[in-house]
Amino acid sequence: PLTSNAFLVTAKMSRAHGGLPAAILIRGVDARAGAIWPRMRVIHGRLFRPGLDEVVVGRQAQQLFGKLALGDTFAWNNRNWKVVGVFADNGSSHESEIWADVHQLQADYSATNKYTDIYARLTSPAVFGTFKHALENNPQLNVNVTRESTNIKASAAGLSALITDAGSLVTLLMAIGAIFGAVNIMYSGIAARQQDIATLRSLGFRRLPVLSVVLLEGLALGLAGGILGAAVAYLIFNGYPAATLGNYVLVAFQFAVTPGLMLAGILIAAAMGLVGGLFPAIQVGRMPIATALRGS
């Protein structure tokens, strides 16, 4: 069995910019942690030595907090911890943490042989259900078994809901403004071309084809704006670093403008263009031909 014991605590440290204190997660790990998280690699310095007050810090934590540069020493809980390395973990939330020897951290908290978490790397994702059932139904144990990804999502659920609600409200307000903008543009275009439209009607074009052309013009306008907006969002925000509180500790993350999000934005913009062209199209359908031909 590939397992690793961990002892997690939080510490308050001053941020790198502004000096305001914030909580950071310190993770005590054992020698098998590298096998549990194989993507974790030291990019500067070296790994801490067991039995010493040494730590490695995530590259995001180094940017968020002061006194975490390679070779720095910071005081916490009556010990002086020396930063001997900086690690990366493929952009995961672990990069916002400090890692130390689990036994040193246990001794610091007078918690010898006590662990807050036990991690296991299974042979395949398919056996998770069997593994969970075996441990949670063992009368000798009192544990909760969950995937690490599920645990991370649960800890950020409140913040995620807040961001989603705020984003939805902003999207709604901007959509309303965009629809009014599309209506204004379409009305202006129709006013400038009402004689051309009337000429088409007088040549035998029925109302429905002319109405459809106006709707398609609004749709094209929305698609063009959506594609341009998606491109700008990708260039500016994809990979943009930010930080927020997750489960009471400061966590760094990067925005990801995925193809799915870009497609959703383009479709929403197209829908707004279509709605924006609806009322001008109705006006075109109701426009008397003789009045339109006399217009200037």
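This is a predicted model: local features need pLDDT of at least 70, side-chain atom pairs count only at pLDDT 80 or more; totals for chains, interfaces and linings use all residues.
Residues are numbered from 1 along each chain as its sequence is written, and side-chain values use heavy atoms, with hydrogens and water left out.

Helices (H or I, at least four residues) and strands (E, at least two) are DSSP runs numbered from the N terminus, and a residue is called buried under 20% relative accessible area, exposed over 50% and partly exposed in between, with a 1.4 Å probe and protein chains only. Strand 4 (residues 54–58) is largely enclosed by the rest of the structure, because 5 of its 5 residues are buried. Two strands pair if DSSP finds at least two bridges between them. Strand 4 runs parallel to strand 6 (residues 79–88), to which 5 bridges join it, and Val-57 has Val-86 as its bridge partner in strand 6. Strand 7 (residues 97–101) runs antiparallel to strand 4 and is joined to it by 3 bridges, with Trp-99 of strand 7 standing opposite Val-56.

Glu-97 belongs to strand 7 and is buried, its relative accessible area being 5%. Its side chain makes a polar contact of 2.9 Å with that of Trp-99, where a polar contact is a pair of N or O atoms within 3.5 Å; within protein, one must be able to donate a hydrogen and the other to accept it, and residues adjacent in sequence count only if both atoms are side-chain atoms. Not counting residues up to four places away in sequence, the contacts of Glu-97 (heavy atoms within 4.5 Å) include Val-56, Val-57 and Phe-87.

**Aromatic rings**

Rings of Phe, Tyr and Trp (its six-membered ring) pair if their centres lie within 6.5 Å, and planes under 30 degrees apart count as stacked, over 60 as edge-to-face and the rest as tilted. The whole structure holds 4 aromatic pairs. One of them, between Trp-37 and Trp-99, is tilted, with 5.4 Å from centre to centre and 55° between the planes. This pair links distant parts of the chain, 62 residues apart, since Trp-37 lies in the loop between helix 1 (33–36) and strand 3 (41–45) and Trp-99 in strand 7. Ring pairs link Trp-37, Phe-87, Trp-99 and Tyr-119 into a cluster.

The accessibility of four residues is set out here.

| Residue | Relative accessible area | Class |
|---|---|---|
| Trp-37 | 6% | buried |
| Trp-99 | 2% | buried |
| Phe-131 | 27% | partly exposed |
| Pro-259 | 67% | exposed |

Phe-131 lies in helix 4 (residues 128–136) and, leaving aside its neighbours within four places in sequence, is in contact with Ala-120, Leu-122 and Val-145.

Helix 8 (residues 207–237) has 31 residues and reaches 44 Å from its first C-alpha to its last, close to the 45 Å expected at 1.5 Å times one less than its number of residues. Its buried residues are Val-210, Val-214, Leu-215, Gly-218, Gly-222, Gly-226 and Ala-230. An α-helix has 3.6 residues a turn, so residues three or four places apart point the same way. Just after helix 8, Gly-239 takes a positive phi of about 85°. Pro-259 lies in helix 9 (residues 259–286), and its C-alpha is 9.4 Å from that of Tyr-234, 25 residues apart in sequence.
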